[in-house]
Amino acid sequence: MLKDIQIAQQAPIKPIEEIARKAGIEEKYLELCGKTKAKVDHHLLLQNKGPDGKLVLVSAINPTAAGEGKTTTTVGLADALCSVGKKAIVALREPSLGPVFGVKGGAAGGGMAQVIPMEDINLHFTGDFHAIGAANNLLATLLDNHIYQGNALGIHPKRITWRRCMDMNDRQLRGIVSGLGKETDGVPREDGFDVTAASEIMAILCLAADIGDLKQRLARIVVGYTYDNKPVRAADLNAHGALAALLKDAFKPNLVQTLEGTPAFIHGGPFANIAHGCNSLMATRMALRLGDYAITEAGFGADLGAQKFFDIKCRVAGLRPNAVVLVATARALKLHGGADKRTLHMEDLEALTRGLPNLLRHVDNIKNIYHVPAVVAINRFPDDTAAELALIKTKCREQGISAVLSEVWEKGGKGGESLAQEVIRLCEEPNDFRFCYEDNLPILEKIRTIAAKIYRADDVVLTLEASKQAQRLDALGFGSLPVCMAKTQYSFSDDAALLGAPEGFVINIRALRLSAGAGFIVAMTGEILTMPGLPRISAAEMIDIDDHGKISGLF
């Protein structure tokens, strides 16, 4: 079979105006970015007052390093719903250049279930990440300039919490010293960079309801503390207006299409292991308003992406999901069952049996913690055997949940019609959606609740510094905010090597980071990094462009 990029490059692509008409977007709201991409004015939501469609979340088991096809399933499901006569619209995150050039490569789906133009989406796209990085770094610049110009606010240089960012995995920049040189070169201090997807401004853009809300959230950003321990906000630096101006166009969702011409919004890109892992609220609301079904995803496994989608995004926005699709693969379940990653292509029913509790724990969380109807989508790989697929279906049936074979990678929408029919059925079932924890719990109790209910941890252990931070944040009035867990995607625990459905472990919290503008507190576990690094051989080494401008090596 052709590589993903070859399939995407050979596919006929429709003018974006045609896709907009199919979605029901009036021309006055469309801002063209070439022939195949467009921005959609957010004022569309103010004018279009029709009823919302059904909200379907696609999540997954704890993945392997290559991912388990969650985006592929999301795209394929939307195509399949259109294939059976429904109007579906996709809402996805934008890929970050860090992973594109790192381990995972591109993030636009795969096989016959992709969004296009694949190269544009995976690279600079419409410049949203650059705008977010510019806003983040403008705030850092204004902060340092304030200190250099006399520090009227009394900001303690050792208590600055705002970091610079860039959209690249560059471990060299995790910790730096800035302001060196002549007296006019700034005030020397310790500094550092996060990847743009981890910037609070990314989270703010993705959770803001409108421009006014965006400005208010930007104003609330806490950049550090004074010598007498009072928080310093972006509004104190008169920064929020300029930040919002930089984000004016980035705030508008991006419209593209699937290989089969299904409208797709791709907007915002917070990581799920170090941020809240969902596309923008604006894009989700547009998909809901314009479609019978809005198909969206949340990053990595359901212990991260789905948990944050429910407890942060749905809580903030008042959304109620109608159904969840939980993506699983035989190869990942065999890995969770102890199989060697070099033998995942071989039938191994014993390893599969040992790994199935990972899937069943995620199923239990969705059904019995959040009370949302769910279906397991078995993303079929060419090496999967009939016995392996039958075993997964049998174990799911024993737990009272249907498991449907998804062949969208190979067959596109036609390969997902059975999944689409099950999703349609689930969306009509009674729904008693609820959160994992209540707003009024203290910060530490929220962390303990997530750890106990979702991860099945025995306890939570905080470092002395994290404990002090929790007390300080409660005292400053931030205790009512939701918690965003920064944790490895590979395990229910904070240890990436602890696969399957582990028991008898503790969650270690080493630090708490306030995201007052986004409206949550980030709990840093284990060795999770907000600035990843590149592997020994990076995906960037495979990417090239020929004399005719044709890109190769993206996948």
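Student: Which residue forms a salt bridge with D249?
Tutor: K252 is the partner, and the closest N and O atoms of the pair are 3.4 Å apart. A salt bridge here is a side-chain nitrogen of Lys or Arg within 4 Å of a carboxyl oxygen of Asp or Glu.

Student: Where does this model come from, and what goes into the values?
Tutor: The model is predicted, so local features need pLDDT of at least 70 and side-chain atom pairs count only at pLDDT 80 or more, whereas totals for chains, interfaces and linings use all residues. Residues are numbered from 1 along each chain as its sequence is written, and side-chain values use heavy atoms, with hydrogens and water left out.

Student: Back to that pair. Is K252 buried or exposed?
Tutor: K252 is buried, because its relative accessible area is 9%. D249 has 36% relative accessibility and therefore counts as partly exposed. The cut-offs are under 20% relative accessible area for buried and over 50% for exposed, with partly exposed in between (1.4 Å probe, protein chains only).

Student: And what does E407 pair with?
Tutor: The side chain of E407 meets that of R380 in a salt bridge, at 3.3 Å from N to O. E407 lies in the loop between β19 (403–406) and α16 (408–411), and R380 in the loop between β18 (374–379) and α15 (386–398), so the pair ties together parts that are 27 residues apart in sequence. Helices (H or I, at least four residues) and strands (E, at least two) are DSSP runs, numbered from the N terminus.

Student: How accessible are those two, E407 and R380?
Tutor: E407 counts as buried at 17% relative accessibility, and R380 counts as partly exposed at 34%.

Student: Now the backbone. Which peptide bond is cis?
Tutor: The bond from I116 to P117 is cis, with omega near 10 degrees. P117 lies in the loop between β6 (113–116) and α6 (118–122). Most peptide bonds are trans, and most residues other than glycine have a negative phi.

Student: What is the phi of F125?
Tutor: F125 has a positive phi, near 50 degrees, although the residue is not glycine. It lies in the loop between α6 and α7 (128–148), and its 11% relative accessibility is why F125 counts as buried.

Student: And N229, what is its phi?
Tutor: Phi of N229 is near 65 degrees, again positive in a residue other than glycine. N229 is found in the loop between β12 (222–226) and β13 (231–233), and counts as partly exposed at 44% relative accessibility.

Student: What is the volume of the largest cavity, and what lines it?
Tutor: Its volume is about 60 Å³, where a volume is the space filled by probe spheres set on the grid points, which are joined across faces, edges and corners. The lining includes F125, along with L123, H124 and D167. Helix α7 gives the largest share of this lining, three residues.

Student: How buried is α11, the helix at residues 281–290?
Tutor: Helix α11 is mostly covered, with nine of its ten residues buried. Among the buried ones are M282, M286 and R289.

Key. On a 1 Å grid over the protein atoms alone, a cavity is a set of points where a 1.4 Å probe fits but cannot get out, and a pocket is an open set with protein on both sides within 12 Å along at least five of seven lines; lining residues have an atom within 4 Å of a point.
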